Amino acid sequence: MSHASDALRKTPMTMIEALRSAMDVMLARDDNVIVYGQDVGYFGGVFRCTEGLQAKYGNSRVFDAPISEGGIVGTAVGMGAYGLRPVVELQFADYMYPAYDQIVSEAARLRYRSVGDFTAPLTIRMPCGGGIYGGQTHSQSPEALFTHVAGLRTVMPSNPYDAKGLLIASIENDDPVIFLEPKRLYNGPFDGHHDKPLVPWSKHPMGEVPEGYYTVPLESAAVYRAGAQVTVLAYGTMVFVSEAAALESSIDAEIIDLRSLWPLDLDTIVASVKKTGRCVVVHEATRTGGFGGELAALVQEHCFYHLETPIERVTGWDTPYPHAQEWAYFPGPARVAAALRRAMEA
Amino acid sequence: MSRSEHLRLHVPEPSGRPGHATDFSYLHLSPAGAVRRPPVNTAAAATADLARSLVRVLDDDDKAIGPWAPQLEADALRRGLRAMMKTRIFDARMLLAQRQKKISFYMQCLGEEAIAIAQAMALEPGDMCFPTYRQQGLLLSRDDIPLVELMCQLMSNEIDPIKGRQLPVMYSYKRAGFFSVSGNLATQFVQAVGWGMASAIKGDTKIASGWIGDGATAEADFHTALTFAHVYRAPVILNVVNNQWAISTFQAIAGGEGTTFAGRGVGCGIASLRVDGNDFLAVYAASRWAAERARKNLGPTLIEWVTYRAGAHSTSDDPSKYRPADDYSRFPLGDPIARLKQHLVAIGAWSDDEHERVEKALEAEIGAAMKEAERHGTLADGRVPSAASMFEDVYKDMPEHLRRQRQQLGV
Ligand SMILES: Cc1ncc(C[n+]2csc(CCOP(=O)(O)OP(=O)(O)O)c2C)c(N)n1
Ligand SMILES: [Mg+2]
């Protein structure tokens, strides 16, 4: 069998395995790729995304970091300035705040302020989102805090195939990339029905992942489900929640999985909304100042004369993420279905 | 000048991993009674030796020896022992409840009980602790915090005092001098300094006690806390619980290799001690020393407590994946409960029978409290604080947008 067909042979993978495979491929292809973060070395990460990589590539390419998110990103900026391509893990997105200054003031603007003399080609991975009873410090979706910052790329995959292809594309990209991993999707396409057993990725077509190198380009959205009646703009876990809502409401929704939040694939969005004339925006993050507001504004700017009904937003409530009331907080299929119905009225 | 040498990255490694035993000589122990006890008004720089050696009181014959041996009545020691036993039994019972899915998550302090409990005994009412998730001993050493209430927090049930908002163990007890536990590491350490500064600003007599793990000392907030505590001579005890591990990460990755965490205090101009955290008497004595300094306007004291995280990091963790499964049995500082017990037996203030009796009584008390707590529901049976309550306390008064959102949820 030729090398190329080997690389394209598909294997069932969870999202965790797909992410690990992406780092494995890039560590093998590029000596400048370095992977580190809290517990990622010997142990392989609390979600096991880097399991086995230290044994394979040695501890000067894959290693544990002190518990200092600011230190992890700050050193990554320095390594980037040297010419490396650090891929760092922050254990939870909820713990990125000590790194925020290094991300916003440094990584995001280094190219601009030095006119490209120095750059920060980092990939900052972090698990995000709720659904695991993690309470307010293991559940947050802080994507809007990144999409608001000029110079950052913000990416969020919804399935193993995209996760691997997008992570490879992010590592190869010369800009700093915030790579948000919806942890509730690590083991299967969770659709918000927390009382039902999770379907594993091995039973989902997007869980079939090529073993070798491939990319999913940044700034490209996917039409996850084609439909005629209403466009749903979603990303991460909300892609599957929206799919469940469409099925349960029998509304023929076109679900667009943004994949790259910013910069984003506006053409795919505009083409869909112009076709359906209706739009529902869904995210798990808090509502006010959320990325959904930006999406609604873009749709309004580009599709105003095609809209039949007001754009609907389904989001987390404007509260910290609670522990016990997780499912009252989480924007599940029932809330999305209600928004689809409202969008279909008139 | 030679430019030929290739640079190498140094990544610290523990000596022990699954399959080969840890060489604990890296701990550099001092014999019991060997370390001097300076007067409380000692200069910070003059504690450099104390930040490298190890204050210990209990010797191998279970006797309390040396200048740090505290003058504690047998009664107080028995109370301390009982509180440690209570904490350990409570932890074991809650681990079981987690396996039974009555609580979603738990963190025990197995092997570290002496530190929070002896320090609690060295503090005064009104002092404020800023703990991590592993200082349940501060609460369990008190008689005014009902066990049932703690369990209701752990089960996030209908009468959870913090209304299901936080993960289990993230208690908040202002009335017991226990600051609301944050999930974000290290943030509380600098807040403890601020609380102490406030007490000084107001001419009060209360002091603060900040807590942090070895791993979390890598956060900027730890270093900032040291700077502020030193600059303003804040009345605060800065506790670093070095239990050798931060999840899977050995303490050398937090910067413990070839130096000590106590040494950082000296570097910042803070009087610092390194103390056997599994020696109840040493913990009490060092805590008293630090508290007295704080109360006499002599400023902060940093104490590194050398101990060992005997259990898993949390119920989500499996330590046999990254350290020898029998590592704790080789840890040279032993078990704090066994050590205090043997000391009490040696001085004729305790017996195996009494120990067994107390153990049984505590098991019964904790079992009964659990039954009572379960009557108010568990996370698993869905009897949790109302969804409507989720919108409360975001602000003092609920703004219009939250009222609207609550209405939209239909609760
Ligand atoms: C800012 C932040 N980063 C990461 C974490 C995840 N985390 C929780 S506990 C822990 C290890 C802490 O170890 P240590 O400070 O030694 O305390 P120990 O658990 O040993 O008591 C980590 C990394 C967190 N809670 N907050
Ligand atoms: Mg620790």
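This is a predicted model: local features need pLDDT of at least 70, side-chain atom pairs count only at pLDDT 80 or more; totals for chains, interfaces and linings use all residues.
What volume does the second largest pocket have? About 570 Å³.

The lining of the second largest pocket holds 25 residues. Closest to the pocket's centre are B:Ala120, B:Met121, B:Leu138, B:Ser141 and B:Arg142. Several elements of chain B contribute. Helix H1 (74-99), helix H2 (113-122), strand E1 (128-130) and helix H3 (136-140) of chain B each supply at least two lining residues. H1(B) gives the largest share, with five residues. By class, the lining of this pocket divides into twelve nonpolar, nine charged and four polar residues.

Stay with helix H1 of chain B for a moment. B:Arg88 lies in this helix. Its side chain meets that of B:Asp335 in a salt bridge, with 2.9 Å from N to O. B:Asp335 sits in the loop between helix H9 (327-330) and helix H10 (336-346) of chain B, so the pair ties together parts that are 247 residues apart in sequence. Side chains of opposite charge can pair when their charged atoms come close. Over all chains, the count comes to 40 salt bridges.

How many salt bridges cross the interface of chain B and chain A? The rule finds zero there. Polar contacts do cross it: 14 residue pairs, both partners at pLDDT 80 or more. On the side of chain B that touches chain A, helix H12 (residues 400-409) of chain B gives the largest share, five residues. By class, that side of chain B has 21 nonpolar, 14 polar and seven charged residues. The contact takes 42 residues from chain B and 37 residues from chain A. Together the two chains bury about 3,200 Å² between them. Of that area, 60% is on carbon and sulfur atoms.

One residue shows contacts to both chains. B:Arg165 lies in the loop between helix H4 (147-154) and helix H5 (187-201) of chain B. In chain A, B:Arg165 touches A:Gln136, A:Tyr321, A:Pro322 and A:His323. In chain B, leaving aside residues up to four places away in sequence, B:Arg165 touches B:Ser389, B:Glu392 and B:Asp393. With B:Asp393 there is also a polar contact, in which the two side chains are joined at 2.8 Å.

The largest cavity has a volume of about 80 Å³. Which residues lie nearest its centre? They are A:Ser141, A:Met156, A:Tyr235, A:Thr237 and A:Glu284, out of 13 lining residues. Strand E13 (residues 279-286) of chain A supplies the largest share of this lining, three residues. By class, the lining of the largest cavity has six nonpolar, five polar and two charged residues.

The second largest cavity has a volume of about 50 Å³. Its lining is formed by residues of chain B, among them B:Pro131, B:Thr132 and B:Tyr133. B:Ser182, B:Gly183, B:Leu185, B:Ala186 and B:Gln188 also line this cavity. B:Ile212 and B:Ala216 complete the list. By class, the lining of the second largest cavity has six nonpolar and four polar residues, and no charged residues.

Note on methods: Residues are numbered from 1 along each chain as its sequence is written. Chains are lettered from A and ligands numbered from 1 in the order in which they are written. Side-chain values use heavy atoms; hydrogens and water are left out. On a 1 Å grid over the protein atoms alone, a cavity is a set of points where a 1.4 Å probe fits but cannot get out, and a pocket is an open set with protein on both sides within 12 Å along at least five of seven lines; lining residues have an atom within 4 Å of a point. Grid points are joined across faces, edges and corners, and a volume is the space filled by probe spheres set on the points. Helices (H or I, at least four residues) and strands (E, at least two) are DSSP runs, numbered from the N terminus. Ala, Val, Leu, Ile, Met, Phe, Trp, Tyr, Cys and Pro count as nonpolar, Asp, Glu, Lys and Arg as charged, and the others, Gly among them, as polar. Contact means heavy atoms within 4.5 Å. Buried area is the accessible area (1.4 Å probe) that two parts lose on being put together, summed over both. A salt bridge is a side-chain nitrogen of Lys or Arg within 4 Å of a carboxyl oxygen of Asp or Glu. A polar contact is a pair of N or O atoms within 3.5 Å; within protein, one must be able to donate a hydrogen and the other to accept it, and residues adjacent in sequence count only if both atoms are side-chain atoms.
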